[in-house]
Amino acid sequence: MTELAAVKTALKTQAVETPSWAYGNSGTRFKVFAQQGVPRDPREKLDDAAKVHEFTGVAPTVALHIPWDKVDDYAALARHAEDRGLRLGTINSNTFQDDDYRLGSVCHPDAAVRRKAVDHLLECVDIMDATGSKALKLWFADGTNYPGQDDVRARQDRLAEALAEVYGRLGADQRMLLEYKLFEPAFYATDVPDWGTAYAHCLKLGPKARVVVDTGHHAPGTNIEFIVATLLREGKLGGFDFNSRFYADDDLMAGAADPFQLFRIMYEVVRGGGFTADVAFMLDQCNNVESKIPAIIRSVMNVQEATAKALLVDRSALADAQRAGDVLGANAVLMDAFDTDVRPLLREVREEMGLDADPMAAYARSGWAEKIVAERVGGEQAGWGA
């Protein structure tokens with residue numbers, strides 16, 4: 001297989017999971033701008049996700065969020081997805097929107113609240129069983145706002161105990177993905193604030209526990225690609241929540257603010273064997289002022305473009321320059337790949353897959369946007385908390 005053919009094969013087999021909640025109304029802490037045609041239930045979210053996959057060819061799975069996507073029959077929801085050429089992917093838990101969680105969930109000082117939170121996580125594993133999902137993603141808003149508010153070490157003990165119980169419930173082919181976040185909503189001490197804390201818990205739990213890297217959950221200037229390389233080296237990178245930020249956790253479209261960073265991250269994925277290490281590539285973003293489906297299509301395309309450039313890095317020339325101590329030469333190899341216009345290559349790939357070369361234009365011509373605005377009248381639109 002030629003080098004170009006290998007690049008095309010990798011691009012054709014890449015899969016980007018889209019989040020159900022991104023199809024609903026979402027936004028900042030200050031305002032959510034509702035849009036026409038937004039889904040009113042999980043099935044309509046899947047209908048929209050199917051359009052993203054139809055035009056990109058690389059978005060075959062949809063992440064669910066419980067209880068936002070709660071239904072009476074999850075097996076039926078899985079069949080609905082299959083009927084539209086999709087599969088249900090990662091199950092995301094929610095232990096941050098209930099009044100009982102004011103002082104935390106699995107780290108709460110009250111054992112009864114902790115029990116409630118863990119029971120919800122176990123319910124999510126039940127949903128995994130019903131949908132065929134292989135991954136449970138955990139993000140905790142737990143933390144404290146003031147020094148002395150709670151015992152920091154005791155909270156880590158409670159977290160470890162909760163994770164161990166849920167880990168023990170996982171099936172042989174299921175896994176747990178632990179996400180971290182630098183700050184917010186806990187302003188003094190967040191209980192899972194960084195990759196090191198998440199890694200330490202996952203290491204103790206075992207091989208079915210891995211770390212999720214949300215590209216927005218870091219301090220400005222953090223070398224995210226170093227974190228990715230380290231976790232891949234240790235076999236503990238479970239997946240990504242791709243988005244883009246300019247200041248903090250902005251959750252903008254993936255690759256929008258800093259495409260060079262996304263390229264650097266994807267190079268470490270390619271370099272570290274991430275395409276064969278069962279790493280999940282997921283989107284997690286808030287489309288507040290832009291149209292939902294086109295924003296997700298564009299985000300998938302941005303990930304594809306960064307991946308294509310990463311695959312085109314001349315790794316042999318790079319290694320030679322690195323061994324020779326040629327600082328500028330090594331940097332130039334990376335920059336040559338990043339500066340490559342990969343859009344013609346991706347158009348070829350899509351045409352070889354039987355797709356339109358331009359997913360954005362194809363979606364605009366499809367009439368789906370007009371159809372859902374006309375048909376989705378009445379009812380309650382899905383959004384944060386629904």
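This is a predicted model: local features need pLDDT of at least 70, side-chain atom pairs count only at pLDDT 80 or more; totals for chains, interfaces and linings use all residues.
Glutamate 184 is counted as buried because its relative accessible area is 17%, which falls under the 20% cut-off for buried residues. Most residues other than glycine have a negative phi, and most peptide bonds are trans.

A cis peptide bond also joins isoleucine 66 and proline 67, where omega is about 20°. Proline 67 is found in the loop between strand E2 (61–65) and helix H3 (74–83).

With regard to the overall fold, the secondary structure of the protein comprises 14 helices and 10 strands. The radius of gyration is 21 Å, close to the 21 Å given by the globule rule for 386 residues, so the protein is as compact as a globular protein of that length. The C-alpha trace spans about 60 × 60 × 40 Å along its principal axes.

Buried residues account for 54% of the 386 residues, while the protein exposes about 16900 Å², of which 53% is supplied by carbon and sulfur atoms. As for charge, the mean positions of the 43 positive and 58 negative charges are 1 Å apart.

In soluble globular proteins, nonpolar side chains tend to be buried together. In the present model, the largest nonpolar core has 100 residues, and the residues with the most contacts inside this core are Val106, Phe240 and Phe242. Helix H9 (residues 292–311) contributes the largest share of this core, amounting to 10 residues. A second, separate core consists of 5 residues, including Ala135, Leu177, Val212 and Ala280.

When neighbours within four places in sequence are left aside, the contacts of phenylalanine 242 include Thr215, Ala254, Leu262 and Met266. Phenylalanine 242 is likewise in contact with Phe281, Met282, Leu283, Asp284 and Gln285, as well as with Val303.

Methods: Residues are numbered from 1 along each chain as its sequence is written. Side-chain values use heavy atoms; hydrogens and water are left out. Helices (H or I, at least four residues) and strands (E, at least two) are DSSP runs, numbered from the N terminus. The radius of gyration is taken over C-alpha atoms; the globule rule is 2.2 Å times the number of residues to the power 0.38. Buried means under 20% relative accessible area, exposed over 50%, partly exposed in between (1.4 Å probe, protein chains only). Accessible areas come from the Shrake-Rupley method with a 1.4 Å probe; for residues, only the protein chains shown count as cover. Lys and Arg count as positive and Asp and Glu as negative; His and the chain ends are not counted. The place of a charge is taken as NZ of Lys, CZ of Arg, CG of Asp or CD of Glu. A nonpolar core is a set of buried Ala, Val, Leu, Ile, Met, Phe, Trp, Tyr and Cys residues joined through side-chain atoms within 4.5 Å. Contact means heavy atoms within 4.5 Å.
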